[in-house]
Amino acid sequence: MSGFTGTLNPQQRQAATHIHGPLLILAGAGTGKTRVVTARIAHMVNEGIKPENILSVTFTNKAAAEMRERVKDMVRGSAGKKVVLGTFHAFCAKLLREFAEHVGYKKNFVIYSQNDQISLMKRVLKGLLIKEENMDPQVALGRISKAKNNNEDLGDPTKDLIPAVAEKYADEMRALNAMDFDDLLCLGVKLLEDTASVREILHQRHKYIMVDEFQDTNSLQMRLLRALTPPPYNVCVVGDDDQSIYGWRGAEITNITEFENFFPNPTVVKLEENYRSTTPILHTANSLITNNIGRRVKTLWSRNVGNDLVRLIATEEDVEEAEMISKEVETAYFSNKEPWESFAVLFRTNEQSRMLEQAFRARKIPYRVVGARSFFDRREIKDTLSYLTVLHNPHDDISLLRILNTPPRGIGGTTAELARDHSMEKQFSIWVALCDPDFLRQIPEKSRAAVRQFTGIISKYAASAATSGTQGTDLVTMTEALLKEVEYMEYLQKLSKKPEEFHAWEHGLSLFLTQLSNYQERNRKDGLGGFLDEVCLNDEREDKDDIEKKKGVCLITLHASKGLEFPIVYLPGLEKGILPHKRSYDENRVDEERRLFYVGITRARQRLTISYVRYRTKWGHRQAELPSPFLDELDRTYVDEMDYTKHMKEAPSVEETTNMFAGLKAMLNQE
């Protein structure tokens, strides 16, 4: 037994040392899953398996990065770096870069972000709809995405609008040599399922496969996994069906509950010892989740008996609920010196945060709402990225149109329109149109000179960018030179209304260049294309990064809280219609809502408070609320129930008065 498996409990050790054949690790919340997965990889390498033959797939870049660091620390020498770690999308992007021609693409395809997709969809709809018709581009994209992920036929493009839109969108994407996130998976699966020679190469390359957060996989990801794994099925999946909360996004809970149907006779190991929470929290969570039918039974337990019961509090209305939470947080901070970051408030719907934010502001309590605007949505970053994308693939119309006259260089909207029309008529990209003598003859001399100057700059830097792999061009120097040549900083200076605005943009660019520099230090061989992939494949919203960087009490949705933990947790709004959400009754998803509540409960390390209101103000009207039916399912052995409204009318106890005075004193000392 090697050193690192010696520190594991018996079940963890069994999971870490079982290498051959299908293995399902049922890892309950807080049971040390990451440690087990890392120890398993290290154990395999120590057993003589080549690290490059191990493929470990996760769902977020953050999880992949964490795993990479841990494996590096655990595995001797540089072997840890050779383990192939990444997200499903990143794995497929790399695979398609290598074998693009098998699916009808060129190797330098670009990956479209959600905003790029919306821009393209607007263009598609404009061409297909008559004046009276309108369709939300996001709705159209959502429908197409669902069809791609579920492998469903949308129907006849000559008869119905949605299939016609889907066909046109797909044609445009192919013409632009662009893929969206769904295409990465769809085409990755298609490549492996349809091309035996590629499949064989992959089988030789990745002989041992691991998938984390398996309960979040959809049917496409399961097809990918099956295509990658030949007999004797050396596949290990790690997950918890009790934490499957993304059914609305296409996750298939049956992938884990019916794992045997996909890979025969798997070994199943349950991790049930929890290292995060106390007995009262876990006992309450277990009593809730047993009400779900068809789950794989597991019972979380802990050696930590804890000092606090779970509290279940009834309040009169949402204002009082928010007031109660903010007041308790303030008291704990000043009386018990509990840092703001120890607290988290988890809610089911975004609108619940408004009342909480007001209460926190009134008491000057610092808080962070998770899900802020992404760094890559900022103007200066999007402009710079569009320039780099065009250098990598000038046929990306969306990026090209963004920078064509940014900064202004005398190529107005009319010229851009003409170039677009010309490109559509001739069936080639806008870049080809801009270089076409026929097109240049159609526009005035002044515009022609501006277009020639622009294409000259792009061609010059595209040549540099092409040598940015291995020993070639330094990307940071190249980007700085490009921004200088197009006078981008001067443009931002003119654009800014206040000096602070310009400084924020300047700071954003400097962060971006640092990121580019870090990428080059890490990865010399993949050049600019590799960097653009990395940026695009970074989860469109890496919200969990935000959490660690910001200070204050954490306000976060239950969905976003998965994978996180906090010493003190509040779960407000446990009412019928909020949790379970009213939609879940129509969509037959009440089980998933119960799992969501279970995820919320198991985020708490030391103290948990669940609350509900009798009245909630909705659209200006006070409405009576019913407690959530889930509350009846909670075993009350470790639950302390309280009616807050009544309690506030009664005289405070000696302990509360002492606490209050201690808190006041601490506050006065701070001022």
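Which residues does D438 touch, not counting residues up to four places away in sequence?

A: D438 touches H422 and K426, once residues up to four places away in sequence are set aside; a contact here means heavy atoms within 4.5 Å. Before going on, please note that this is a predicted model, where local features need pLDDT of at least 70 and side-chain atom pairs count only at pLDDT 80 or more, while totals for chains, interfaces and linings use all residues. Residues are numbered from 1 along each chain as its sequence is written, and side-chain values use heavy atoms, with hydrogens and water left out.

Back to D438. It is found in helix α22, residues 437-442. Helices (DSSP runs of H or I, at least four residues) and strands (runs of E, at least two) are numbered from the N terminus. D438 counts as partly exposed because its relative accessible area is 36%; buried means under 20%, exposed over 50%, and partly exposed in between (1.4 Å probe, protein chains only).

A27 lies in strand β1, residues 23-27, and it is buried because its relative accessibility is 5%. Its contacts, leaving out residues up to four places away in sequence, are K33, V238, G239, D240, Q243 and L271. T31 sits in the loop between β1 and α3 (33-46), and T31 counts as buried because its relative accessible area is 2%. The side chain of T31 reaches the backbone oxygen of G28 at 2.6 Å. An unreviewed UniProt entry places the feature "binding site" at positions that include A27, G28 and T31; such annotations may be inferred rather than shown by experiment.

Aromatic rings are another feature to look for. Rings of Phe, Tyr and Trp (its six-membered ring) pair if their centres lie within 6.5 Å, with planes under 30 degrees apart called stacked, over 60 edge-to-face and the rest tilted. The count comes to 14 aromatic pairs by this rule. F214 and F259 form an edge-to-face pair, 5.8 Å centre to centre with 90° between the planes. This pair links distant parts of the chain, 45 residues apart, with F214 in the loop between β6 (208-211) and α12 (219-228) and F259 in helix α14 (residues 259-262). F214 and F259 are both buried. F259 also forms a tilted pair with F263, at 5.5 Å and 45°. Ring pairs join F214, Y233, F259 and F263 into a cluster.

Finally, step back to the whole protein chain. There are 34 helices and 16 strands, and buried residues make up 53% of the 671 residues.

Conventions: A polar contact is a pair of N or O atoms within 3.5 Å; within protein, one must be able to donate a hydrogen and the other to accept it, and residues adjacent in sequence count only if both atoms are side-chain atoms.
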